[in-house]
Amino acid sequence: MSTRSDVHSTSNVQMKIRDLFARSRELAPVWTLLALMLFFSVTSDSFLSLENFNNILNQIAVLSILGTGITFVLLTAQIDLSIATMATLGGVVAAFFTATIPLPQPIPIFIALAVVVILGIINGYATAYLGIPSFMVTLAMSLIASGLSLYLTRGRIIFDIPPIAMTLGSGRIGPIKWLIIVAGITLLIGHLVLRYTRFGRYVYMTGANARAAELAGVNTKHIITAVMAISGFTAGLAGIVSLGRLGSAQPTGLDSLLIDAIGAVVLGGTSLFGGVGGIPQTIIGLLILGVLRNGLDQISVNIYLKVFVTGVILLAALVFNIVFAGKKSE
Amino acid sequence: MANQTPLLELKNISKRFGGIHALKGVDFDLYPGEVHAIVGENGAGKSTLMRILAGVYRPDSGEMYWQGRPIRLQSPKEALDHGIAMIHQELSVMPVLTVAENIFLGRQPTTPTGVIDWKRMYEEADIALKSLGFTLDVRKKLEDYPLGVHQLVEIARTITSGAQVLIMDEPTSALSPKETERLLELVRELARQGHSVIYISHFLEEVMQVADRITVLRNGEKIATLPASVTSKDELISLMLGKEVDFFKQPYEGAVVVKETEPHEVVLSVRHLTKHRMFENVTFDLRRGEILGIYGLVGSGHFELGKAIFGLWEYDDGEVLLDGRPLPKGSTRESIDAGLAYVIESRKQGLFLSAPIYQNISLAHLNRITGFLLSTQNEVQVAQQAIDRVGVRPNNPHLAVGNLSGGNQQKVAIARWVVFPPKVFIASEPTRGMDVGAKEEVLKILRELSENNVGIIVISSEPETILSVAEHILVMSKGRIVADFEGVEVTKDMLLDKA
């Protein structure tokens with residue numbers, strides 16, 4: 001964007017057209033999703049069904065909870081590489097205080113959430129106040145969390161898990177699993193906070209231009225610490241819910257979710273550079289990932305090629321999004 | 001010197017940029033072993049002339065001669081091949097590398113097998129530095145040395161790569177007095193060894209101290225070239241500004257000054273404010289409704305002072321009192337809530353260009369405009385009032401700020417602070433990069449604010465800006481307040497003189 005000489009240099013109409021164009025570019029991920037859905041509907045007879053959509057939602061539910069927290073972090077132009085192992089840790093701690101050192105329910109759940117939130121705050125403090133790049137801090141924290149999980153489980157699987165976790169993970173109300181409801185509520189609360197609260201506005205502004213945010217009185221250090229804590233919380237929540245899904249606490253169960261979560265969020269249009277994106281975008285990204293995975297199952301792609309094909313299509317979708325969307329200029 | 005052929009000669013050089021004549025028929029020559037300074041106001045053509053000498057620009061017309069032979073410099077590399085090197089204000093050293101590595105950047109001595117010969121590099125670096133008159137631990141990383149040393153190392157690098165002519169652009173603006181002395185000594189030493197130095201600086205005292213000849217530029221023309229020994233600072237200033245200058249006879253320190261306006265009460269009190277390597281022992285008072293101008297060159301510490309008072313940075317010593325109560329340091333939130341306002345020099349840093357105007361305006365006051373939940377309606381309403389009061393065009397609060405012209409972006413930055421009347425408004429370079437009309441509009445807004453009893457501080461490096469609004473002027477130089485003009489008639493040369 002240029003700054004030209006004064007007064008009526010760019011007319012109102014020109015600006016409205018430019019804004020419209022920008023918005024259509026933001027819709028690129030939606031086109032990607034629709035294209036994928038179309039493709040799989042055509043190439044597979046089992047894809048397009050209510051039951052299958054239910055399947056897809058189940059498959060991305062845990063990821064959605066993680067995705068909510070990481071959206072907050074990415075919006076401030078930071079990153080959290082520890083979410084997957086913190087999720088595992090959340091589940092492990094809850095199971096630990098149920099099976100190994102039994103405490104009355106629901107205390108184990110609270111302890112689990114407290115632990116991950118504290119770790120998240122440490123992430124935030126190191127990033128915001130000590131100035132260590134979040135990439136490095138959360139990478140280290142990822143190991144810390146992983147190590148704690150290994151230690152608490154002694155490398156074995158814990159089968160005794162909190163009943164609440166069991167319900168949330170495997171139970172259902174009518175045709176809908178609790179899993180989906182929890183995911184839905186998490187996404188909803190995340191969206192409301194980001195879009196409609198002062199805090200949410202501060203999050204966006206911190207990511208868009210941290211210096212300008214400081215000049216407007218935003219305590220960017222607080223904001224960054226807070227989003228890291230939120231990310232820790234959602235990771236823990238995802239881990240607890242996952243307990244129920246798997247029926248057990250596994251020391252390395254959820255580690256693979258890191259790439260999926262960040263990938264899904266970025267795929268939906270949230271920028272890694274901060275200030276752009278949000279929960280609606282994250283939802284689209286999650287659906288893209290879910291549809292892709294599910295669709296590849298439906299058309300019986302060679303099981304050993306699945307990962308490769310997923311990666312290729314992911315890359316293609318990202319390129320499409322970025323190239324179509326253009327680079328965000330300042 | 002008079003009998004030699006000039007090493008470098010420029011005749012009748014002209015250069016245009018669009019409609020602007022940066023240089024008009026300028027002559028310039030340089031002898032071996034000479035220190036030739038170029039002085040002039042901002043916009044006089046110094047940097048354009050420098051860049052032509054360094055091969056960055058090509059002149060539209062005129063001739064260049066090197067050792068009597070005509071040449072055309074098509075690129076900086078060609079200039080370097082002739083031995084003409086430029087030392088910029090922003091140095092090009094690598095602090096993470098050692099002194100020796102910096103001196104031999106890109107030209108490291110190698111063994112026959114092609115590997116860097118560290119021993120030889122350290123030895124030769126040592127010799128190079130000693131020949132210039134100073135000693136350093138060449139194995140130490142440059143970042144462990146202060147900025148003044150970085151500059152010396154860059155000069156050493158340039159000389160050892162074979163430069164005969166050094167062009168130095170504002171070399172002392174970031175140096176302490178001691179480092180400045182050391183640099184001036186080095187410049188004279190380089191001249192004694194036969195190198196030629198073209199020295200560009202605002203600091204006329206230094207120029208008088210170090211130069212053999214001084215060329216004065218004004219509005220793209222060469223006004224005069226004089227031997228330093230026959231001229232004076234006063235004469236240089238009058239040549240730079242183009243008129244006879246009448247200096248006040250009365251001294252400025254300790255003089256009794258009659259104020260023209262009725263004194264209001266003090267709203268902001270700055271006491272002994274110090275931030276290491278930026279500014280030192282700054283003390284002044286600001287009254288309600290007063291417009292205080294703080295003038296200084298880039299690097300004088302005045303911009304940094306503004307940021308420290310507002311709380312963007314912490315200061316190391318001293319205090320700031322607002323209406324008699326101490327203002328917490330290092331918190332922009334507390335400053336804003338207490339009634340301070342601040343507009344930064346760079347619009348890119350101060351605004352959210354991709355966000356709508358109303359968000360840029362409301363962000364500073366969200367805690368007062370809305371509750372826990374946002375109310376876009378409230379925000380837009382409040383923003384619209386501010387937009388209309390300040391005169392942002394177009395006045396649609398939903399437009400992205402990046403789409404506005406520079407002048408209007410600046411108005412948005414100011415509009416943020418008319419939502420709730422501030423007690424003190426600090427404007428840092430408020431009219432940078434704006435055309436005359438927009439400049440006037442912004443200054444008018446500041447005057448109106450002062451009429452509403454807001455205390456205004458305008459921090460600027462442009463004398464015209466300060467002189468068109470300020471009633472009370474402080475001049476900062478190298479981190480300290482060096483002059484305080486109040487109730488007297490101040491002219492541009494007086495400011496330049498003190499800076």
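Residues are numbered from 1 along each chain as its sequence is written, and chains are lettered from A, with ligands numbered from 1, in the order in which they are written. Since the model is predicted, local features need pLDDT of at least 70 and side-chain atom pairs count only at pLDDT 80 or more, while totals for chains, interfaces and linings use all residues.

Let me begin with chain A. Chain A holds 14 helices and two strands; helices (H or I, at least four residues) and strands (E, at least two) are DSSP runs, numbered from the N terminus. The radius of gyration of chain A is 21 Å, close to the 20 Å from the globule rule for 330 residues, so chain A is as compact as a globular protein of that length. That radius is taken over C-alpha atoms, and the rule is 2.2 Å times the number of residues to the power 0.38. Of the 330 residues, 50% count as buried. A residue is buried if 20 or more other C-beta atoms lie within 10 Å of its own, exposed if 12 or fewer, and partly exposed in between, with C-beta atoms placed from the backbone.

I turn now to the core. The largest nonpolar core has 249 residues, and A:Leu66, A:Val241, B:Tyr199 and B:Ile426 touch the most other members. Such a core is a set of buried Ala, Val, Leu, Ile, Met, Phe, Trp, Tyr and Cys residues joined through C-beta atoms within 7 Å. Helix H11 (residues 220-246) of chain A supplies the largest share, 14 residues. Domain 1 (8-241) and domain 2 (266-498) of chain B both contribute residues, so the core lies between them; these bounds come from an automatic or database domain assignment. The centres of the two domains, taken over C-alpha atoms, are 36 Å apart.

What surrounds B:Tyr199? Beyond residues up to four places away in sequence, B:Tyr199 touches B:Val35, B:Ala37, B:Met168, B:Val187, B:Val207, B:Val210 and B:Ala211; contact requires C-beta atoms, placed from the backbone, within 7 Å. In strand S8 (residues 196-200) of chain B, five of the five residues are buried. B:Ser196, B:Ile198 and B:Ile200 cover one side of S8(B), and B:Val197 and B:Tyr199 the other.

Strand S3 (residues 35-39) of chain B runs parallel to S8(B), joined by four bridges, and B:Ala37 stands opposite B:Tyr199. Strand S7 (residues 165-169) of chain B is also parallel to S8(B), with five bridges. Strands pair if DSSP finds at least two bridges between them.

Finally, some backbone details. Most residues other than glycine have a negative phi, and most peptide bonds are trans. A cis peptide bond joins A:Gln105 and A:Pro106, with omega about -5°, and another cis bond runs from B:Arg393 to B:Pro394, with omega near -5°. B:Glu429, which is not a glycine, has a positive phi of about 45°. Is B:Glu429 buried or exposed? B:Glu429 is buried, because 21 other C-beta atoms lie within 10 Å. B:Asn453 has a positive phi near 75° and counts as partly exposed, with 15 C-beta neighbours inside 10 Å.

Notes: Contact = placed C-beta atoms within 7 Å.
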